[in-house]
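Open the model in your viewer and keep the selection tool at hand. The stops below go one by one, each with something to select.

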Amino acid sequence: MTQDQPQDSTQDSTQLRTAVVTGASSGIGAATARALAARGFHVVCAARRTDRIEELAAEIGGQAVTCDVTDSDSVDALAAAVPTLHVLVNNAGGAVGVDRVDSADIEAWRSMYDLNVLGLVRVTKALLPALRASGDGLVVNVGSTAGRWAYEGGGGYTAAKHAVRVVTETLRLELNGEPIRISEVAPGMVQTEEFSLVRYGGDRDKAAAVYAGVDQPLLAEDVADAIAWVATRPSHVDIDELVIKPRAQAAAHKVHRS
Ligand code: 8X3
């Protein structure tokens with residue numbers, strides 16, 4: 001067994017371990033689904049865009065379940081498809097807009113809270129019975145450096161990601177004594193196909209400017225690798241939080257650009 005294969009001190013190591021990845025249709029979610037499949041997990045790819053996740057599931061020998069984490073019925077249908085679960089990666093999320101607080105778009109803030117925070121809570125609630133059923137569960141919440149620092153124009157997103165961090169800590173306290181670990185992987189600047197494009201309402205120039213001159217922003221695969229590492233530690237090892245940034249990024253306001 002290599003270091004990156006699932007290591008499980010409590011279960012038959014030949015048993016196939018199951019992972020659910022939300023937001024698996026692109027970016028960090030899709031890369032994580034691939035990374036976990038490469039390490040031997042049966043991966044359930046969950047997202048709204050059925051065509052994308054069906055293609056991904058076929059590629060990695062996994063399963064596609066169409067799921068909108070902002071819809072309770074949809075999340076219940078995901079839970080019904082997963083009776084037992086070892087790893088839940090709550091990845092679905094995103095930013096909308098760059099409004100200052102004094103001009104906050106309340107609906108944008110509401111939608112960010114719904115997607116990033118309530119979505120994570122809905123999915124976690126619904127899948128906790130399956131995590132318990134496996135006897136060895138792990139929840140990896142994809143947070144952000146935006147859950148650690150503030151920046152102008154980021155209020156709606158940073159507030160939501162700070163909430164993700166606190167929900168993660170709360171859950172760890174509440175589940176203490178159960179065989180379930182709770183981790184947060186918090187990336188900084190990651191250049192993905194959609195994150196900034198969505199944030200800037202489809203404006204490609206503004207989205208590209210986020211990464212302009214930055215020597216090697218993180219890629220989705222870098223974050224997926226970190227998540228897969230967290231998911232392949234022995235069962236007694238809990239990685240509380242892992243902050244991952246590109247070398248060029250020291251802080252929100254300190255990004256080296258050439
Ligand atoms: C993304 C990091 O800096 O764009 O989660 O808020 S940032």
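**Stop one: helix α3**

Select helix α3, residues 72-80, whose buried residues are Ser74, Val75, Leu78 and Ala79; buried means under 20% relative accessible area, exposed over 50% and partly exposed in between, with a 1.4 Å probe and protein chains only. These four cover an arc of only 145 degrees around the axis, so they sit on the same side of α3; the arc is taken over the directions from the helix axis to the C-beta atoms. Helices (H or I, at least four residues) and strands (E, at least two) are DSSP runs numbered from the N terminus.

The model is predicted: local features need pLDDT of at least 70, side-chain atom pairs count only at pLDDT 80 or more, and totals for chains, interfaces and linings use all residues. Residues are numbered from 1 along each chain as its sequence is written, and side-chain values use heavy atoms, with hydrogens and water left out.

Now color Asp73 and Ala80, which are exposed on the other side of α3.

**Stop two: the largest nonpolar core**

Select Leu36, Val43, Cys45, Val89, Val185 and Ile227, which touch the most other members among the 36 residues of the largest nonpolar core. Such a core is a set of buried Ala, Val, Leu, Ile, Met, Phe, Trp, Tyr and Cys residues joined through side-chain atoms within 4.5 Å. Elements that each supply at least two residues include β1 (18-22), α1 (27-38) and α8 (220-231). The largest share, eight residues, comes from α8.
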